[in-house]
Amino acid sequence: LTSIHSLSQSKHINIMVTPPAAYASAVTPPGNRPASIAVFGCTGNAGRAVAYHAVKSAVRKPSVRVALSGRNRAKVEKVLEGIRDELRSQGIKTDDTKVEIIIADASDEQSMLNLAQSTNVLVSCAGPYGRYGEAAVKACVEGGAHYVDITGEQPFVERMINDYGKQAEEAGVCLAPFSGYDCVPSELGMWLVGKALEVEGIDSTLGQLELNIGAKGGGLPRGTLLTVLDSFEGKGPPKKEGTPRFYPKEFKGTVSGAMSLSSWVLPKYQMGQYTAPNVMSAVNVPVLCQSAPKLGFSSDLTISDKSVVLGSKSPSLLNAYGLFQAQIYIATLIFGGVALSIPPVRGWLRNKLKTYNYNGDAAGKVFLDVKGSNKNSSATANAHCMFPGDPGIYATGLFATGVANSILEATASDSQFPMPLAGFHSPIAALHGCRQGLLIDNLRDLGAEIKVEVVPEEGAAAMEVDPTTFRSKL
């Protein structure tokens, strides 16, 4: 592959960018705080994975001081002991890595404020967020701590934007929801191929985005299943009158096209194989449409967010390029949706969840292939990523820790680079104007593999692009 770290910067690129004046910048948290990053809700499955990656990262970065937080000290201490044992089994010594324990309860407002005032970045993992999430948001805005969460609950985030967004902007607090499996991979993929097309520079504004995501190993966290049940039963946070649309109205057609009925019931041939619906596209697509104008992408955009169902098998004529597997997957989704619409089934599942526990699969992997193109050009950009861990637990912990480490670095008092955006923004949108390669470097430090290529025209050789050189247009 031919490396093209930069091509001509003088070529005109026709791209829509929201004016920089529209966004406030975050500030360094005031005071000398005992913790750099605190993980709240660390006794849950996904929270424990965030804590695992945060402690593991702190071993390599001694200046990062980690705190774990929950309601019950004994349970938090048990989680920490288990994390140290797991890292020790990998040959990673944590004896010199001090981890503080801070007791906090979402139902105790003062304890949450104390927690927020004790850390620079707070990662909130206590879900379902529609029930328990507001306390951490409120505490961070009032206590001056930057905020990260792993929610996929758009109604919750809409309500938080409405209730705390303006206050957070005025306080210089960065609030980065959706920092787990939904929606870091998809948003990062859009950013990578969109910016690669800009580097290619032949009026190649991102117009078509294809995402193929697959995984090896995995299961669903208890909190995610409870969120699904809550949504079926209408127990999510109510939409307040006057709450603005989650994404700009110009992207309504993009969302409608990506979420059409045909996209959910029919397999789609995409990037060399048949794919099935990605159940997380209901979260990913609106977030991408909220993020796109901040990243400088036009509303003339189509998105196809799909799941790869072949697993580790390569698509071939022998397996019909995944067609049969995709059909079986779709049938399973339809059956599951119908079953969850039946109240006794939901009651049975809620009862089972009382004792359900899934700790994740550290040996799992998340695979992401992305293709970006322009409707008026044959140029394409491709990104190929691998993230260690199963999607719902370990990879989610990796994503959230990568975002938290990036916000911590970007808002340090001695930072020489632009600050993240203040207020509510998805993670890539919040961070893309900071140091070049900031989030990519932090994800790679945690084991991620990220590669980007550009094909300038049909039939041309692929040229590798260094994604850490991509610049923001803001």
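## Helices H14 and H16

H14 and H16 cross with right-handed geometry. The model is predicted. H14 spans residues 391-410 and H16 spans residues 438-445. Their axes lie 9 Å apart, at an angle of about 130°.

On the H14 side, the contact is made by Leu398, Phe399, Gly402, Val403, Asn405, Ser406, Glu409 and Ala410. H16 contributes Leu438, Leu439, Asn442 and Leu443. By class, 7 of the residues in this contact are nonpolar, 4 are polar and 1 is charged.

## Nonpolar cores

The largest nonpolar core holds 124 residues. Leu68, Leu188, Met190, Leu192, Leu209, Ile303 and Phe387 have the most contacts inside it. H14 supplies the largest share of this core, with 11 residues. A second core is separate and has 6 residues, among them Leu225, Leu226, Leu229 and Leu340.

Met190 touches Leu206, Leu209, Leu288, Ser291, Ala292, Leu295, Phe297 and Leu301. That list leaves out residues up to four places away in sequence.

## Proline 221

Proline 221 sits in the loop between strand S8 (208-216) and helix H8 (222-232). Its relative accessible area is 8%, so proline 221 is buried. Beyond its neighbours within four places in sequence, proline 221 contacts Tyr356, Gly392 and Ile393.

Glycine 337 is 116 residues from proline 221 along the chain. The C-alpha atoms of these two residues are separated by 18 Å.

Conventions:
Residues are numbered from 1 along each chain as its sequence is written. This is a predicted model: local features need pLDDT of at least 70, side-chain atom pairs count only at pLDDT 80 or more; totals for chains, interfaces and linings use all residues. Side-chain values use heavy atoms; hydrogens and water are left out. Axes are lines fitted to C-alpha atoms, for helices over the stretch in contact, and angles run from 0 to 180 degrees between N-to-C directions. Helices (H or I, at least four residues) and strands (E, at least two) are DSSP runs, numbered from the N terminus. A crossing is left-handed if the near helix is turned anticlockwise from the far one by less than a right angle, and right-handed if clockwise. Contact means heavy atoms within 4.5 Å. Ala, Val, Leu, Ile, Met, Phe, Trp, Tyr, Cys and Pro count as nonpolar, Asp, Glu, Lys and Arg as charged, and the others, Gly among them, as polar. A nonpolar core is a set of buried Ala, Val, Leu, Ile, Met, Phe, Trp, Tyr and Cys residues joined through side-chain atoms within 4.5 Å. Buried means under 20% relative accessible area, exposed over 50%, partly exposed in between (1.4 Å probe, protein chains only).
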